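Dear colleague,

Please find the structure we discussed below. My notes on it follow, and I would be grateful if you read them with the coordinates open.

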Amino acid sequence: MRALGTLQEQARERREKHEKQHSVSANLKKIVRVFWWSSLTALLIAGPFALWYTGKTGKWLAAAEVEAIRLSAEVGMTVKNIEVTGREKTDPAALLAAIGQKPGTPIITFDVDAARERIEQLSWVRDAIVERQLPNTLVVSIAERQPLALWQTETGHVLIDADGTQLQDYELGDYLNLPVLVGTDAREHASEMLTTLKTIPRLFDMVTGAQRIGNRRWNIQLANGMFIRLPEENMAKAWARLDQLDQAHNILSRDVLIVDLRLPDRTFVRLTPGAAELRRNPPKKGNAA
């Protein structure tokens, strides 16, 4: 019985020693873990503070930026492709110059906002979108201005769009089919007037020009030499009335020089000089030739 008791006591002592050793090991691991995280936290906090305190923060950030750019170029993040959509009239060389990024330079240094502003300064560009498509492509989407009319100036005809913007770099002969506008403020008011005339396509197809009168209203010239005097207000109603008159009386096919629509309740017509002369002096019946 004594031997059995001794064996039980020895087993208990070995178990207690084993548990004590494991307990110490576990506690030591916890202490090491806490010390490691504390050291890392201190480094993250004290590192930037030390850089700031010594005045080297700016130099460190600049060096880090240079290194980041260099590494990005090494892994292929450089401009290799420039994709452009929406370009028809814009000069390609001028567009590339406005983009301002040469192939082979780091793409992450490209300023998309500055490039967009430069592109939108080009005559034919109304709006532009510039994007980086990593790792190596610039995507440029442009919306070009649409020619609206030719504005007659003292130095010649100028191509303008709906905003009255003067376009550049074009062949005048390509746009002789557009209406010719006359008047110092004609380009500022052309869009509203031409939009109104286009509401009746068959009449608009006859329009060759328009003259701004007294900075208030328009006289419209048709291809047959006829002039249509539109009112200052309710221009659309007057234009629709002309359509009704023509459909009812073929007024635009007659020897008429001027159709005056300035008054809302009546229309005045002036005949061509030849037709007026015939009306004043009609040929006598029975005269021999």
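In which sense, left-handed or right-handed, does helix 5 cross helix 7? The model is a predicted one, and in it helix 5 passes helix 7 in a right-handed crossing. Helix 5 covers residues 186-197 and helix 7 covers residues 235-249; the two pack at an angle of about 35°, with their axes 9 Å apart. On the side of helix 5, the contact is formed by Glu 192, Met 193, Thr 196 and Leu 197, and on the side of helix 7 by Met 235, Ala 236 and Trp 239. Sorted by class, these residues comprise 5 nonpolar, 1 polar and 1 charged.

From its first C-alpha to its last, helix 7 reaches 21 Å over 15 residues, close to the 21 Å expected at 1.5 Å a residue. Its buried residues are Met 235, Ala 238, Trp 239, Arg 241, Leu 242, Asp 243 and Asp 246. As a general point, an α-helix has 3.6 residues a turn, so residues three or four places apart point the same way. The cover over the buried residues of helix 7 includes helix 5 and helix 6 (201-204), together with strand 7 (207-213), strand 8 (217-222), strand 9 (227-229) and strand 10 (256-260). Met 235 and Trp 239 are buried, and both also take part in the contact with helix 5. After helix 7 comes Asn 250, which has a positive phi, near 50°.

Helix 3 passes helix 4 in a right-handed crossing. Leu 95, Ala 98 and Ile 99 of helix 3 meet Ala 115, Arg 118 and Ile 119 of helix 4. This contact has 5 nonpolar residues, no polar ones and 1 charged.

Glu 171 lies in the loop between strand 5 (156-161) and strand 6 (180-182). Is Glu 171 buried or exposed? Its relative accessibility is 57%, so Glu 171 counts as exposed. Between Glu 171 and Leu 159 there are 9.8 Å in space, C-alpha to C-alpha, and the two are 12 residues apart in sequence.

With kind regards

Methods:
Residues are numbered from 1 along each chain as its sequence is written. This is a predicted model: local features need pLDDT of at least 70, side-chain atom pairs count only at pLDDT 80 or more; totals for chains, interfaces and linings use all residues. Side-chain values use heavy atoms; hydrogens and water are left out. Axes are lines fitted to C-alpha atoms, for helices over the stretch in contact, and angles run from 0 to 180 degrees between N-to-C directions. Helices (H or I, at least four residues) and strands (E, at least two) are DSSP runs, numbered from the N terminus. A crossing is left-handed if the near helix is turned anticlockwise from the far one by less than a right angle, and right-handed if clockwise. Contact means heavy atoms within 4.5 Å. Ala, Val, Leu, Ile, Met, Phe, Trp, Tyr, Cys and Pro count as nonpolar, Asp, Glu, Lys and Arg as charged, and the others, Gly among them, as polar. The expected span of a helix is 1.5 Å times one less than its number of residues. Buried means under 20% relative accessible area, exposed over 50%, partly exposed in between (1.4 Å probe, protein chains only).
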